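Work through these exercises with the sequence and the 3D view open. Try each task before reading its solution.

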Amino acid sequence: MSTLEHTVTAPEEGRTRNMVVLKNAVKYFRVPRRSLLGRAEHVHSVDGVTLTVGSGEALGLVGESGSGKSTLARVILRLLATTSGTVEVDGRDVTRLDAAERRRLRRAAQLVFQDPHAAMDPRMTIGESLTAVLAQHRICEPQDRRARVAERLDEVGLDATYLDRYPSECSGGQLQRVGIARALLLDPKILVCDEPTSALDASVQARVLNLISKLRRERELTLIMISHDLRVVRFLCDRVAVMYLGQIVEVAESEALFTGAMHPYTIALLEAAASDSSVHDPAVVATGEPPSPIHPPSGCRFSTRCPLADQRCRTEQPELVEVADGHEVRCHRWTEARELLRCDAGEMG
């Protein structure tokens with residue numbers, strides 16, 4: 001990956017307004033019954049998440065595949081309805097919006113997808129796809145929409161010739177810039193990026209990430225960045241939330257987490273990244289396989305893979321507690337975890 005420009009800024013002193021507020025948010029997916037008399041089962045994709053994102057803040061969401069990061073992002077955007085709990089975006093409870101209010105939410109919060117090719121209609125030119133977004137939201141007079149699209153393309157470093165290109169005529173990096181331009185068409189307050197560079201070549205990733213960072217500063221966007229690459233999160237995000245099996249297990253300011261992680265799972269991720277800079281998918285970092293999200297452990301969800309787990313860990317689920325200023329951890333043995341695991345990091349590899 002090319003050089004990333006380190007542009008993380010500390011949260012504004014005295015910031016009090018939260019752009020996103022989740023309180024015990026839950027999202028279960030029903031599993032089809034195996035038989036007529038079988039018991040109904042559910043995938044615990046997001047299971048009791050309480051989290052805030054301040055206005056203008058960049059929050060990173062990390063965790064291995066299947067931890068619930070992308071589902072949580074779609075719950076925030078109301079692309080998925082919650083099973084229970086509340087989700088507020090820009091002061092509005094998105095769990096209770098009617099169709100018109102959901103359309104307004106789409107303008108306030110936009111998603112940049114992981115695969116730029118899959119996100120575009122191959123039968124339409126870039127100009128047609130993006131002007132359709134403006135038409136759907138009744139923005140601008142019809143004769144002015146093409147010019148507005150051209151302005152947004154210019155903002156992401158693409159000239160007006162891209163208006164008449166088809167997706168097949170663009171590279172992955174160019175298409176991801178188009179995806180970002182499409183998100184900016186509605187002048188959102190919140191930008192959610194779901195693995196925005198994982199489908200791109202390493203040589204292109206840094207340019208796209210630097211663009212996102214630049215736009216965030218210039219537009220004062222609230223950013224939620226989902227990424228497997230811990231380097232990306234460290235460079236772009238003010239704060240980081242670590243997810244495991246549907247739950248937040250640690251939340252802290254970026255540097256505090258990367259230099260003083262306290263949850264065994266977070267430490268495992270960091271140890272793996274430090275020992276092999278090519279590791280981008282945290283699925284390889286902890287001993288054993290994650291438990292089934294249909295039948296999660298009754299105690300700490302990481303207890304089946306954690307070398308520090310004791311009987312209490314296996315039977316009593318820990319709460320997310322603040323252990324330092326702005327630093328929250330869901331672990332019974334957090335006071336021992338960092339010292340013990342760093343002394344025996346090999347057991348976690």
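**Exercise 1. In what order do the 8 strands of the open sheet run, and which strands stand at the edges?**

Solution. This is a predicted model.
- Step 1. Trace the open sheet: the order is β6-β7-β8-β3-β9-β10-β12-β11. The pairing is mixed.
- Step 2. Go to the edges. β6 (109-112) and β11 (321-324) each have a single partner strand, so one side of each is left without a neighbour in the sheet.
- Step 3. From one strand to the next, it averages 25 degrees.

**Exercise 2. In which sense do β11 and β12 pair, and over how many bridges?**

Solution. 
- Step 1. Recall the background: strands of a sheet pair through backbone hydrogen bonds, either parallel or antiparallel.
- Step 2. Assign the sense. β11 and strand β12 (residues 327-329) are antiparallel, with 3 bridges.
- Step 3. Pick out one bridge partner. For Glu-322, the partner in β12 is Glu-328.

**Exercise 3. How many of the 13 residues of α5 are buried, and what do they pack against?**

Solution. 
- Step 1. Check the span. From first C-alpha to last, α5 reaches 19 Å, close to the 18 Å expected at 1.5 Å a residue.
- Step 2. Apply the cut-off: buried means under 20% relative accessible area. In α5, 12 of 13 residues are buried, and the helix is mostly covered.
- Step 3. Name some of them. The buried residues include Gly-172, Leu-175, Arg-177, Ile-180, Arg-182 and Leu-184.
- Step 4. Find their partners. The buried residues pack against β6, α3 (126-136), α4 (145-155), β7 and α6.

**Exercise 4. Where does Thr-197 lie, and is Thr-197 buried or exposed?**

Solution. 
- Step 1. Locate Thr-197 in the loop between β7 (190-194) and α6 (202-219).
- Step 2. Read its relative accessible area: 8%. Thr-197 is therefore buried.
- Step 3. List its contacts, leaving aside neighbours within four places in sequence. They are Gln-205, Val-208 and Leu-209.

**Exercise 5. How are the ring pairs of Tyr-244 with Tyr-265 and with Phe-302 classed?**

Solution. 
- Step 1. Count the aromatic pairs: there are 3.
- Step 2. Classify Tyr-244 with Tyr-265. The ring centres are 4.7 Å apart and the planes stand at 55 degrees, so this pair is tilted. It links distant parts of the chain, 21 residues apart: Tyr-244 in strand β9 (residues 239-244) and Tyr-265 in helix α9 (residues 264-275).
- Step 3. Classify Tyr-244 with Phe-302. Centres 5.2 Å apart and planes at 85 degrees make the pair edge-to-face. Phe-302 sits in the loop between α9 and α10 (311-315), 58 residues from Tyr-244.
- Step 4. Tyr-244, Tyr-265 and Phe-302 are linked into a cluster. Tyr-244 and Tyr-265 are buried, and Phe-302 is buried too.

**Exercise 6. Which ring does Lys-27 lie over, and which ring does the charged end of Arg-165 sit over?**

Solution. 
- Step 1. Lys-27 lies over the face of Phe-29, 5.1 Å from the ring centre.
- Step 2. The charged end of Arg-165 is over the ring of Tyr-162, at 3.9 Å from its centre.

How values were computed. Residues numbered from 1 in each chain as written. Predicted model: local features only at pLDDT ≥ 70, side-chain atom pairs only at ≥ 80, totals over all residues. Heavy atoms only, no water. Phe/Tyr/Trp six-rings, centres within 6.5 Å; stacked < 30°, edge-to-face > 60°. Helix = DSSP H or I, 4+ residues; strand = E, 2+ residues; numbered from the N terminus. Buried < 20%, exposed > 50% of the residue type's maximum accessible area, 1.4 Å probe, protein only. Lys NZ or Arg CZ within 6 Å of the ring centre and 35° of its normal. Contact = heavy atoms within 4.5 Å. Pairing = 2+ DSSP bridges. Axes fitted to C-alpha atoms, helices over the stretch in contact; angles between N-to-C directions. Expected span 1.5 Å × (residues − 1).
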